[in-house]
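Please keep the structure in view while reading.

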Amino acid sequence: MHQKIYTQVVIIGSGPSGYSAAFRCADLGLDTVLIERYNKLGGVCLNVGCIPSKTLLHIAKVIKESKELHRTGVFFGEPVIDIEKIKNWKENVINKLTNGLSNMRKQRKIRIFQGNAVFETNKSLFVTNEEDQFSIFFDNAIIATGSKPIKISSIPNDDTRIWDSTDALSLTMIPKRFLIIGSGIIGLEMATIYSALGSKVDIIDRFNHFLPSIDKDITDIYVKSINQRFNLMLNTHIDKVEIKKTGLKVDIVQENITKKNIFYDAVLVAIGRTPNIDRLKLDKIGLKINSFGFIEVDNQLRTNIPNIYAVGDVTGTPMLAHKGVHEGHIAAEVIAGKKHYFEPVIIPSIAYTEPEIAWVGLNETQAKKEKIDYKVAIVPWSISGRAIASNSSIGMTKLIFNKDNNKIIGGAIVGTNAGELIGEVGLAIEMGCDAEDIALTIHAHPTLYESIGLSAEVFQGTATDVLNSKFNK
């Protein structure tokens, strides 16, 4: 059956950027159609990414903390892992959220069509699924098809023990020996989960540093905290993977010299993601792709075709859900006739590891590159009453200020709940706060977030909880 559909706006993809764009369009009174390949809303983030990983990371954190409580005189036995119950718990969390999205879509009267979409013209799409075909004619379109994991061509992809992030979050098994290729956020989070569940985990990366957006003093603290849980090997790459019945034989080369042959029960490839645009037939309508393979957009998320917009991972780095949500809102508002622009001062990033790592704004390397005369203020969590009392003293809060005007230009936090704490730093940068604004804002005691206020005092030289001469750079 071939149906013809007419709408003011069509959105392709229902991940955070797609459903946010659709919901905002509907709220602005636009007739809206949403196209989704799968039978659930939420995209990768909700179904096989952000949400399931955070569900499992919560479990991993509780396991780690319960083991560490023996220092206080509280003892637990070894955890018993029921993988099926954990999977059910994860699915329940996902279903709660996807059902919520579905209800909001219905209440907004957004029509949804399940299937694969391709552009026929700059005013029409052809959508197909196993049963139906649709021609959708639109005034405006928003591309929000997200991203997929990058594969390594030299590694076999036809063995169920070679995983991508979706496979890792499916919890098909808990490998005794687990190799993760790539030390980015996904790799580090998977190492956190599987090491807590009982795997012996190795992470390798061909570069000599990880999370390059963060200064080394922050990553050094993280490395110190994970040494007992999993093994991080930098300047290391895979020479060959051999598929064996008893495991995956991996030839690992370190420092381009030392070669090791190690058997693993599973290997996760987590070297990054690439945009999901190859099926859309964008070349047919002449839509412009940049040299990195992403859709080129302006600061209103408009492509080179005036009535077609793109939001989320397809527009490039940082490939973060919260960036995509804001882009989706702006695209919808521009279509509705508002003179809005996507011009954030900063976008925060978080590795939801244990401890968490969070950063926003400029790091020292970037400040030097931009020739900013900056000053760093650091507060180690070893002086924080709350951190010591909650067994989380391995951590640090670091703020970077412009010495010319004392304004905060960047910050990074490593430690428990760093992802929640970074919000104040982001707001301060976005609002153009100077050190005095932060220092004179009374922070509750004892808390972890008071380390932010204390860092501002360190910059000013007014802190009494630390020796300013030692920590004020």
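## Lining of the largest cavity

Three strands, β19 (356–361), β21 (396–402) and β22 (408–415), each contribute at least two residues to the lining of the largest cavity. Strands here are DSSP runs (E, at least two residues), numbered from the N terminus. The lining has 13 residues, and Asp215, Leu362, Asn363, Gly411 and Ala412 are the ones nearest the cavity centre. A cavity is a set of points on a 1 Å grid over the protein atoms alone where a 1.4 Å probe fits but cannot get out, and lining residues have an atom within 4 Å of a point.

Six of the lining residues are nonpolar, five polar and two charged. Nonpolar covers Ala, Val, Leu, Ile, Met, Phe, Trp, Tyr, Cys and Pro; charged covers Asp, Glu, Lys and Arg; the others, Gly among them, are polar. The volume of this cavity is about 80 Å³, taken as the space filled by probe spheres set on the points, which are joined across faces, edges and corners.

## Basis of the model

The model is predicted: local features need pLDDT of at least 70, side-chain atom pairs count only at pLDDT 80 or more, and totals for chains, interfaces and linings use all residues. Residues are numbered from 1 along each chain as its sequence is written, and side-chain values use heavy atoms, with hydrogens and water left out.

The whole structure holds two cavities of 30 Å³ or more.

β19, β21 and β22 belong to an open, antiparallel sheet of five strands, ordered β18-β19-β22-β21-β20. Its edge strands, β18 (349–351) and β20 (374–380), each pair on one side only; pairing requires at least two DSSP bridges between two strands.

Notes: On a 1 Å grid over the protein atoms alone, a cavity is a set of points where a 1.4 Å probe fits but cannot get out, and a pocket is an open set with protein on both sides within 12 Å along at least five of seven lines; lining residues have an atom within 4 Å of a point. Helices (H or I, at least four residues) and strands (E, at least two) are DSSP runs, numbered from the N terminus.
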